[in-house]
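Have a look first, then read on.

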Amino acid sequence: MNRFDEIINKAKEIVDVAGNKTKEMAELTKLRLQASQLRSEIDKNYLKLGELIYQLNKAGTQNQELIDMSVAEIESQLVALSELEDKVNEMKKVVKCPQCGAANVIGSLYCSRCGASLENCEACSEEEANEQEDCGCHDGQDNQICESCQSQEVSEEKTEE
Ligand SMILES: [Zn+2]
């Protein structure tokens, strides 16, 4: 009988019940950690590359192949880093309430300030919310696609020929 495990599992269940927000925060923290680890790896490789060039120069030799390999490694790490950063930015997106303009965590069904439904505008980002007074998709104008998030579909314009 392992009571300690039981307690841990119970705690995990509670965390799960706490919902998506917590999971997203944990995921975001994880991604940020990975990004910062990768950044320091890249820094190390820059140093190694610099040292390599220094040593080669000092010895009066050339080894372009070695330099190319080092550059290629850094390049692939930079690509991975920018992918990570994209994910982080993606996760930082918020939903702007169409009624009151409050920024809500993406995935929220209702505005935390006024309670309006947020289902139609999930992709509006925080930046866009700051830039634009209104995203245009819930402004009393029917059948409009949101310019910034394009999440609201044009309601059935029956194609009659
Ligand atoms: Zn609101």
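Where is A116 found? A116 sits in the loop between β2 (103–105) and α4. Residues are numbered from 1 along each chain as its sequence is written.

**Overall layout**

The protein has 4 helices and 2 strands, and along the sequence they come in the pattern α-α-α-β-β-α. Helices (H or I, at least four residues) and strands (E, at least two) are DSSP runs, numbered from the N terminus. Of the 161 residues, 11% count as buried. Here a residue is buried if 20 or more other C-beta atoms lie within 10 Å of its own, exposed if 12 or fewer, and partly exposed in between, with C-beta atoms placed from the backbone. Two residues are in contact if their C-beta atoms, placed from the backbone, lie within 7 Å. Among contacts between residues at least 6 apart in sequence, 42% join residues at least 24 apart.

pLDDT is the predictor's confidence in each residue, from 0 to 100. The protein averages 75, and 67% of the residues score at least 70. Confidence is highest in α2, at a mean of 92, and lowest in helix α4 (residues 126–131), at 46. Over residues 121–161 pLDDT stays under 50, and the model has 60 contacts beyond four places in sequence for that stretch. Where pLDDT is low, the predicted coordinates should not be read in detail.

Helix α2 covers residues 20–59. How far apart are the end C-alpha atoms of α2? They are 57 Å apart, which agrees with the 58 Å that its 40 residues should span at 1.5 Å a residue; the expected span is 1.5 Å times one less than the number of residues. The count of buried residues in α2 is 0, so the helix is hardly covered. Just after α2, G60 takes a positive phi of about 70°.

I42 lies in α2 and is partly exposed, because it has 17 other C-beta atoms within 10 Å. Leaving aside neighbours within four places in sequence, I42 is in contact with I74, Q77, L78 and L81. K44 is also found in α2, and counts as exposed because it has 12 C-beta neighbours inside 10 Å. E83 lies in helix α3 (residues 64–92), and with 12 C-beta neighbours inside 10 Å it counts as exposed too.

Here are some C-alpha to C-alpha distances, for residue pairs set apart along the chain:

| Pair | Apart in sequence | C-alpha to C-alpha |
|---|---|---|
| I42 and S76 | 34 residues | 9.8 Å |
| E83 and A35 | 48 residues | 9.2 Å |
| K44 and I74 | 30 residues | 9.7 Å |
| A116 and C97 | 19 residues | 7.1 Å |

Which residues make up the largest nonpolar core? They are V95, C97, I106, C111 and L118. A nonpolar core is a set of buried Ala, Val, Leu, Ile, Met, Phe, Trp, Tyr and Cys residues joined through C-beta atoms within 7 Å. In soluble globular proteins, nonpolar side chains tend to be buried together. Beyond four places in sequence, L118 is in contact with V95, C97, N104, S108, L109, Y110 and C111.

A116 is partly exposed, because 15 other C-beta atoms lie within 10 Å. Leaving aside neighbours within four places in sequence, A116 is in contact with C97, P98, Q99, C100, Y110 and C111.

Notes:
This is a predicted model: local features need pLDDT of at least 70, side-chain atom pairs count only at pLDDT 80 or more; totals for chains, interfaces and linings use all residues.
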